[in-house]
Amino acid sequence: MKIRFNCIFIFLCALYTVGSAQGVFRTADSLFEKKDYRNAVIEYERVVYIYNDHIIRNQSIYKKAVCYKLLGEYEKACRQLLRISFFGTTDSAQFLFHNETAVCSFLAGRFEDTRSQLLQIRQYTKDTFQLKKIYLLEALNFNELEEYSSAKESFSKYFETNFKKTESDSLKLLFAEYFSKSGLPKFKSLKTAAILEYFPGLGLFYAGYPLLGTFNFILSAACLGAGVYEIYYGYYFTGYFVGAAMLSKFYFGGRSLTVQKIIARNFQEKRKFNDKIRNTIYSLKPDK
Amino acid sequence: MRYILLLFFFTCFGYVAAQKSLYSQGTEELGFISHLINSQQYEEAIFHISQLPVNDYSSIGLQDSMHFLKAWSYYCLKQLDSSAFYFQKVRESSSLYTSALFFASSDFIFLRQIEKARTILEKIPVKDSVDFQLRNLQYAGLSLLQHDYNSYSNYSKNFVRSHYSLSNEEIVLEDCNNSMRRHKDKSLFVAGALSAVIPGAGKFYAGKQGEGISSFLLVSFLAAITAENYIKAGPSNYKTILFGSLFTVFYIGNIYGSVASLKVSREEFYRKYENTVQLHIHIPLRTIYGR
């Protein structure tokens, strides 16, 4: 009789505990499932407001950050994740929070923050099975940071851990081609361009804008020629105005234009390469 | 009869229970909204208040608090027109009425709608000496913003310089008043005339020395080129006409620029003091009524 009573008591207690833990997020989760993320954010914050238990609060903040991510408000998501307290959290929870922060930082374009979060995951995660989940993000982040050899290495690890051997080998071959010297984006050096632009128009030629370079050269040469001509015939003020004042405008204008064009071109090159990699990755279906 | 009494009893009980539940729900929401605001989640606070049946809370006296918190969130987001709108929704019966009106008037001051700010200040019920002093300071500030120095003098007579959150601001306003009164506006005509005689001199007069030197060099240089071509190639030569036209454009432009420079430096002078006045009539609001 006593045993039966104890069993009933324990069973009821367990039921109550499980029920109440799920009940904390019931409203917020149902809004989340209905894709009403804006209201779900409020309800998750209400949980943070009501409950003092830091595990529940962490969970709620995490879910709130996911809502922001789904709303495309990545900065807000990052800000929420910074509120998480890591004191007394399990390894798997820590991994989850760091990983989400890394993803949101990546989406917000804060690639250095992503690197920092990924480094923390590598430092604190003992479970190697978990680590295989970060290789892809790590590789994409290295790509954005223009650290292509590290990116290639991370992609290889991602293929090894997420695909069958044959497919992984063929993907590694494909990516070896992408990351070969001929496949990598060809960035133009600002330093070289600045040296070349001492001769008007040459820097623009180097940057890949021959027409602009020619035009810049003709303008500068015409100003210089006109200036010399005027001085030769005794028009000193006119010569100075045309030869020095206008030449300096075109000359220095050409230099700053070269810098702008090179920055824009390098950005485009990087985008083209990274988009190609991303499109290839998105078309893949991991086996494992 | 017994049944009617029973029905009446149950109706009363139901009404009281519903009001109590609404009240507890309302106060809970109020606490939560304050939490959102304290953790600087203003957009979320505004969104949440918009979702609530704020009008239902009027029977339990929480509607005004909701409007106040919404206005405060807009105020923190620097959306001052919305903030002023919701501050004005707080009713006279609310304990927040006075502070709401002070902040609504402050919103209008920052929006440079001085007359609206003044109208709102007139509505403020003065309950004690602090409210009176605070409102007086606001009026004095508004007078300075409108450059109405006589009106300022009338209000400044009421400065007592004894309240901790007002005394310093009263001194600052007095300093601003003295500086603005002492300032004599320079003549736009003189600036233009000086620039016509010596290019760039008008800008010097306006207090913009760098611009003056640069204008002088440019116009003189163009004059020298025109003169050179005039002397050597004659008045009908295309270079004389080209550089002469260029010189004329820059010469006239320089006169116009001098007048514009003087207007800008005038605005800069007054803007500097107006910003100081705005800030110092706002500080005591935050000290006395701020959250």
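1. The side chains of A:Arg46 and B:Glu29 form a salt bridge between the chains, 3.1 Å from N to O; the term denotes a side-chain nitrogen of Lys or Arg within 4 Å of a carboxyl oxygen of Asp or Glu. Between chain B and chain A the count is four salt bridges. Over all chains, a search of the whole structure finds 27 salt bridges.

2. A remark on the basis of these values follows. The model is predicted, so that local features need pLDDT of at least 70 and side-chain atom pairs count only at pLDDT 80 or more, whereas totals for chains, interfaces and linings use all residues. Residues are numbered from 1 along each chain as its sequence is written, chains are lettered from A and ligands numbered from 1 in the order in which they are written, and side-chain values use heavy atoms, with hydrogens and water left out.

3. The interface of the two chains brings 23 residues of chain B into contact with 21 residues of chain A, contact being defined as heavy atoms within 4.5 Å. About 1900 Å² is buried between chain B and chain A, and carbon and sulfur atoms give 60% of that area. Buried area here is the accessible area (1.4 Å probe) that two parts lose on being put together, summed over both. On the chain B side, B:Phe32, B:Phe221 and B:Glu228 lose the most area to chain A, together 27% of what that side buries.

4. Polar contacts also cross this interface: the rule finds 16 residue pairs between chain B and chain A, both residues at pLDDT 80 or more. A polar contact is a pair of N or O atoms within 3.5 Å; within protein, one must be able to donate a hydrogen and the other to accept it, and residues adjacent in sequence count only if both atoms are side-chain atoms. The elements giving two or more residues to the side of chain B that touches chain A are α1 (2–38), α2 (42–51), α12 (209–233) and α13 (238–289) of chain B. Of the elements on this side, α12(B) gives the most, with eight residues. By class, the side of chain B that touches chain A has ten nonpolar, six polar and seven charged residues. In this scheme Ala, Val, Leu, Ile, Met, Phe, Trp, Tyr, Cys and Pro count as nonpolar, Asp, Glu, Lys and Arg as charged, and the others, Gly among them, as polar.

5. As to secondary structure, chain B has 13 helices and zero strands, while chain A comes to 15 helices and zero strands. Helices (H or I, at least four residues) and strands (E, at least two) are DSSP runs, numbered from the N terminus. Chain B has a radius of gyration of 31 Å, well over the 19 Å that the globule rule gives for 291 residues, so chain B is more spread out than a compact globule. The radius is taken over C-alpha atoms, and the rule is 2.2 Å times the number of residues to the power 0.38. The C-alpha trace of chain B spans about 120 × 45 × 30 Å along its principal axes.

6. Along its principal axes, the C-alpha trace of chain A spans about 125 × 50 × 35 Å. The domain assignment of chain A gives domain 1 (19–85), domain 2 (90–96 + 107–184) and domain 3 (190–281); such bounds come from an automatic or database assignment.

7. Within chain A, the centres of domain 2 and domain 3, taken over C-alpha atoms, are separated by 40 Å. In chain A, 15 residues of domain 2 are in contact with nine residues of domain 3. The area buried between these two domains of chain A is about 1000 Å², with carbon and sulfur atoms giving 64%. A:Asn143, A:Glu144 and A:Tyr178 supply 46% of the area that domain 2 of chain A buries against domain 3 of chain A, more than any other three residues.

8. Three salt bridges are counted between domain 2 and domain 3 of chain A. Elsewhere, A:Glu146 and A:Lys270 meet through their side chains in a salt bridge of 3.5 Å, N to O.
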